[in-house]
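This report describes selected features of a single structure, shown below.

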Amino acid sequence: MNDFFSLKFKNDYFIFIDQTRLPLEEIYIETDNYERIAEAIERLEIRGAPAIGIAAAYGITVALKNILSQHETQFNIAYERLKRTRPTAVNLFWALDEMKKVFQLQNNFDDIYDKLKASAIQIHNEDIISCDKIGENGIELLENDSVILTHCNTGQLATGGSGTAFSILKKGFEAGKVKFVYADETRPLLQGSRLTAFELSKSNIPFEILPDSAAAFLMKQRKIDAVIVGADRIAKNGDTANKIGTYNLAILCNYYNIPFYIAAPTSTIDSSINSGDEIKIEMRGSEEISHIRGIKVTKEEYATYTPAFDVTTNELITAIITDKQVYKPPFNL
Ligand code: MRU
């Protein structure tokens, strides 16, 4: 592990690093207020599918802290509030439902806070184990000294552990499988140039940041051995929602015959949906296009198109690497 952490539960307080300020400032926020956690998820202070789920589980926990009556009302209010924060990453809904199962099993509420806390910690701990397994499973697919292109951020910041795609990069680097990483800057919120670069640098992995639009040029020069990205929701047929721009990369990989891998924990698979057509894609505010870090770069009256995610169709995916196994096409998850 590195000298920073993304999420922690300590002395009955939830502590998280504000990802919107990285990499220039490392600021930690400590709270026992579920509304503050909900706002943090909405503002992307906490982001990345597994991290959102874990934060929501801790959010439910603190919502029931020091509550002496009306437990069910309080649970439902916090559950609905946290559920409304972001629509695409299924880990959020999965974690909230795991917490609901624990709540519904209780006959009396004397120790409900302790039970919820234990469940949230378990969700967190299981993610740590999942991340390591994804890394171990993923490096099996790589040749020695591979050069990898990645998109968005999938490391310690985006998960409870060592990351999803990032875990493969880190373990791969340590095992001599990964030599160099190209990190897409990931417009518009720059999760690549701010967060992945921060994590690569902390892990001493050699890297360069590139504008998203430079990927085709790099591939044309045969400089990329594989693309590995994370996921926010994977349908039964393997269609995968991930950060906007992922689909472009998958199409380019297909054109240049480069392996395109998705890495995600099993909790990112939504087996209630058959295909990516059923995934709700979050639309973000137009200021994320019209401004860069608070500075206006175009006229606010210009119309914008702001999907936060896209869906990569299964036929473009070489393999889906999870904590349990590596799935190859045709996918039936
Ligand atoms: O909008 P974000 O930053 O939450 O989007 C995150 C991504 O798309 C990640 O690639 C995905 O959640 C996988 S994180 C391990």
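## Charges over aromatic rings

The charged end of K243 is placed over the ring of F309, at 4.5 Å from the ring centre. The structure is a predicted model. K243 is also among the residues closest to the ligand.

Y79 belongs to helix α3, which spans residues 71–83, and it is buried at a relative accessible area of 5%.

## Aromatic pairs

The count of aromatic pairs comes to 10. One of them is formed by F14 and Y58, whose ring centres are 5.5 Å apart; their planes stand at 35 degrees, so the pair is classed as tilted. This pair links distant parts of the chain, since F14 lies in strand β2 (residues 13–17) and Y58 in helix α2 (residues 49–63), 44 residues apart. F14 counts as buried because its relative accessibility is 0%, and Y58 is likewise buried, with a relative accessible area of 2%. Both residues are members of one aromatic cluster formed by F9, F14, F16 and Y58.

Another pair joins F75 and Y79, with ring centres 6.0 Å apart and planes at 25 degrees; this angle is under 30 degrees, so the pair is stacked. F75 and Y79 both lie in helix α3, four residues apart, which is about one turn of the helix. An α-helix has 3.6 residues a turn, so residues three or four places apart point the same way. F75 is buried, with a relative accessible area of 1%.

## Ligand site

Which residues are closest to the ligand? They are R47, R86, D232, N242 and K243, out of 19 residues that surround the ligand.

On its own the ligand has 410 Å² of accessible area, and the protein covers 100% of it.

## Cysteines

The structure holds zero disulfides.

C131 counts as buried because its relative accessibility is 1%, and C253 counts as buried with a relative accessibility of 1%. C152 is buried at 8% relative accessibility.

## Helix α6

Helix α6 covers residues 165–174 and is mostly covered, with seven of its 10 residues buried. The buried residues are A165, F166, S167, I168, L169, K170 and G172. G176 follows the helix and has a positive phi, near 75 degrees.

## Backbone geometry

Most residues other than glycine have a negative phi, and most peptide bonds are trans. Two non-glycine residues with positive phi are described here. Phi of L44 is near 65 degrees; this residue is placed in the loop between α1 (34–42) and α2, and it counts as buried at 6% relative accessibility. Phi of C152 is near 60 degrees, and C152 is in the loop between β4 (146–150) and α6.

Cis peptide bonds are also present. One joins L22 and P23, with omega of about 0 degrees, and P23 is located in the loop between β2 and β3 (28–31). Another joins P329 and P330, again with omega of about 0 degrees; P330 lies in the segment after β16 (326–327).

Conventions
Residues are numbered from 1 along each chain as its sequence is written. This is a predicted model: local features need pLDDT of at least 70, side-chain atom pairs count only at pLDDT 80 or more; totals for chains, interfaces and linings use all residues. Side-chain values use heavy atoms; hydrogens and water are left out. Buried means under 20% relative accessible area, exposed over 50%, partly exposed in between (1.4 Å probe, protein chains only). A disulfide is a pair of cysteine sulfur atoms within 2.5 Å. Rings of Phe, Tyr and Trp (its six-membered ring) pair if their centres lie within 6.5 Å; planes under 30 degrees apart count as stacked, over 60 as edge-to-face and the rest as tilted. A charge sits over a ring if NZ of Lys or CZ of Arg is within 6 Å of the ring centre and within 35 degrees of the ring normal. A residue is near a molecule or strand if one of its heavy atoms lies within 4 Å of it. Accessible areas come from the Shrake-Rupley method with a 1.4 Å probe; for residues, only the protein chains shown count as cover.
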